[in-house]
Amino acid sequence: MEVEKLLDFLHLMEKMKCNTRHCDTSTGRRESVAEHSWRLCMMAFLVRDAFLDLDMDRVLKMCLIHDIGEAVTGDIPAFDKNSVHESVESQAIDWLLSLLSGSVRQDMEALFYEMEEQATDEAKLYKILDRLEALIQHDEADLSTWLPLEYELQFTYGKEECQTFPYTARLREAVDEMTRRKIEEGKTAQERAEKMP
């Protein structure tokens, strides 16, 4: 890749550090798109031994690039995203890929096609991990930052997809238990605060 093209593309990707997502971090600030993508990559790396029959390098690449369109569009929470948003993000990805050339562009185009089709186990695993990372982050954020709809969404978002693999089904159970504990602790804290004079 030509040095100038590399730098131009990296400048665009820097926006993933600037554009924030709907969720807060455990310290009370908004999470960036880049931070979500980074931890998603870490998840894929950490679970690789549970998926020895999958091409985990491809899964890792999917996790790395899946949200690059948000460098242009910003983040739209899953519960607000509609077909218009998806079309705009798809156009942003197409534009970003048009700035690349050679094997890098071909590889990214193939990965985005595979992610969109959701026909391979690698694409399914990337999508499951993407959903689980978002749920874990919500559990790490202060309960006061949750919207009312998120109390149910934490238990339904990606639930069916997680059953695709035994490992992700077990991980989902653990995340659900973490969510239940968080909600219960929040109720207990609120009840204590209400009893205080």
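The dialogue below goes from the whole chain to a single residue.

Tutor: Please note that this is a predicted model, in which local features need pLDDT of at least 70, side-chain atom pairs count only at pLDDT 80 or more, and totals for chains, interfaces and linings use all residues. Residues are numbered from 1 along each chain as its sequence is written, and side-chain values use heavy atoms, with hydrogens and water left out.

Student: How many helices and strands does the chain have?

Tutor: Helices (H or I, at least four residues) and strands (E, at least two) are DSSP runs, numbered from the N terminus. Here the chain has eleven helices and two strands, in the order α-α-β-β-α-α-α-α-α-α-α-α-α from the N terminus on.

Student: What percentage of the residues is buried?

Tutor: Buried means under 20% relative accessible area, exposed over 50%, and partly exposed in between (1.4 Å probe, protein chains only). Of the 197 residues in the chain, 40% are buried.

Student: Which residue has a positive phi although it is not a glycine?

Tutor: That residue is Gln-118, with a phi of about 55°. Gln-118 sits in the loop between helix H7 (102–117) and helix H8 (121–140).

Student: Why is Gln-118 classed as partly exposed?

Tutor: Gln-118 is classed as partly exposed because its relative accessible area is 25%.
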